[in-house]
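User: I have a structure to go through and I am new to it. Can we take it piece by piece?

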Amino acid sequence: MDSDSRPRVFATRSLPGGALEALTGELELEVWPGPGAPAPEVLARAVAGAAGLLCLLTDRVDAPLLASCPELRVVSSCSVGVDHVDLAVATRRGIPVGHTPGVLTETTADLAFSLLMAAARRIPEADRFVREGHWTPARSWEPDLMLGRDVYGSTLGVIGLGAIGRAVARRAQGFGMRVLGWNRTPGKAPPGVEQVPLDALLRQSAFVSVHVARTDETIGLLGPRELAFLPSGAVLVNTARGGIVDEVALVEALRSGRLAGAGLDVYEQEPLPPDSPLLAAPGLVLAPHIGSASVATRTRMAELSIANLRAGLAGERLPHCANPEVYDAHSEEGQRARKSRGETTRAPR
Ligand code: DGY
């Protein structure tokens, strides 16, 4: 392909296995070298004039950014969650947003269950105990050393019965657990899951795992009132998004001993600030947003995000589009918006 006709694409990070770099023949590709995400002003400069943006969940693709990129034909995020992209604005502007559902379901469910087990059986604390030399002959086996909570046969509450919540429920069933579920839009419960109101789920669950998307409705879903419903000694896990569980209330519940433990992979602010009270909360197992971090899954995510990018650049329907309404409602709404900006109508780009 003649280099002048190659669409310009900005990628905010390299993807596993050099998957992006393999596209340099067909794209005029600029890859942010890192480390970390480009600052918002760097992103805005880099993406102005680009036809495609390949981004991660650390990049804010908001209204001002989208307004400053009139050439943009597709946003492809290498993530399943798209709360970092203003989908409504993208739709109005006729820009399809790609994401990576399906491929990270089981990997993220594995991590949720790992955090649940680690918090229940105090694994990080046990590891520190051995490494720090506390496991001495005088304490070689004690009846009350590191007593945790039984997972097998207890009750798990799954908040959010989408693909990942259901995958966690299946794991729990293998552990002989009773599984309760709650969904914001009640539908058919998965096999073996009793659908109950949120308050009832919290009151009856020794373990709770959070799997709802972060939206205006789910921010602060588990605040002081909701955490107070949990039975004493419960364990809470969040691998969905920060802000759904109120961190101040969680720290308080752990400090007071009402919660026996918790496992978090996601936070209100990422990375976790060094002075975060979470770092000193007892019984809390922390992970740095690694829910989908297996070699195979990250490779599949890279493949899907490239497939979305290519389709968008070619003007084809994205295989995995987070704002499919861009293809229907878009036409009228988007065309009106573009007309009012004096742009030529292209539906969708
Ligand atoms: C996502 O994709 O949204 C996860 O949080 C990270 O893989």
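User: What covers the buried residues of H10?
Analyst: The cover includes strand E1 (8–11), strand E3 (52–55), strand E4 (74–77), strand E5 (97–98) and H4. Helices (H or I, at least four residues) and strands (E, at least two) are DSSP runs numbered from the N terminus. Contact means heavy atoms within 4.5 Å. A note on the source: this is a predicted model, where local features need pLDDT of at least 70 and side-chain atom pairs count only at pLDDT 80 or more, while totals for chains, interfaces and linings use all residues. Residues are numbered from 1 along each chain as its sequence is written, and side-chain values use heavy atoms, with hydrogens and water left out.

User: Which residues of H10 are buried?
Analyst: Among them are Thr297, Met301, Leu304, Ile306, Leu309 and Leu313. Buried means under 20% relative accessible area, exposed over 50%, and partly exposed in between, with a 1.4 Å probe and protein chains only.

User: What span should H10 have?
Analyst: Its 19 residues (295–313) should span 27 Å at 1.5 Å a residue, and the end C-alpha atoms are 27 Å apart, which agrees. The expected span is 1.5 Å times one less than the number of residues. Glycine 315 follows H10 and has a positive phi, near 75 degrees.

User: Changing topic, what order do the strands of the open sheet take?
Analyst: Seven strands run E8-E7-E6-E9-E10-E11-E12, with parallel pairing. Two strands pair if DSSP finds at least two bridges between them. At the edges are E8 and strand E12 (284–286), each pairing on one side only. On average, neighbouring strands are turned by 20 degrees against each other, direction ignored.

User: And over how many bridges do E9 and E10 pair?
Analyst: Four, in the parallel sense, with E10 covering residues 234–238. Valine 210 stands opposite asparagine 238 in E10.

User: Which helices pack on the sheet?
Analyst: Helix H4 (residues 105–120) does, touching E6, E9, E10, E11 and E12, and its direction makes about 150 degrees with that of E10. Helix H6 (residues 163–174) also packs there, touching E6, E7, E8 and E9, at about 170 degrees to E6. Axes are lines fitted to C-alpha atoms, for helices over the stretch in contact, and angles run from 0 to 180 degrees between N-to-C directions.

User: Where is histidine 211, then?
Analyst: Histidine 211 sits in the loop between E9 and H8.

User: Buried or exposed?
Analyst: Histidine 211 is buried, at 12% relative accessible area. Residues it touches include Ala112, Val158, Ile164, Val168 and Thr239, leaving aside residues up to four places away in sequence.

User: How many salt bridges does the structure hold?
Analyst: It holds 14. A salt bridge is a side-chain nitrogen of Lys or Arg within 4 Å of a carboxyl oxygen of Asp or Glu. One of them joins aspartate 199 and arginine 225, at 2.9 Å from N to O.

User: Why does that pair tie together parts 26 residues apart in sequence?
Analyst: Because aspartate 199 lies in helix H7 (residues 198–204) and arginine 225 in helix H8. Both are partly exposed, aspartate 199 at 25% and arginine 225 at 47%.

User: What else does arginine 225 meet in a salt bridge?
Analyst: Arginine 225 meets glutamate 226, also at 2.9 Å. Glutamate 226 is buried, at 14%.

User: Which residues are linked in a network of salt bridges?
Analyst: Glu106, Asp110, Arg170 and Arg171.
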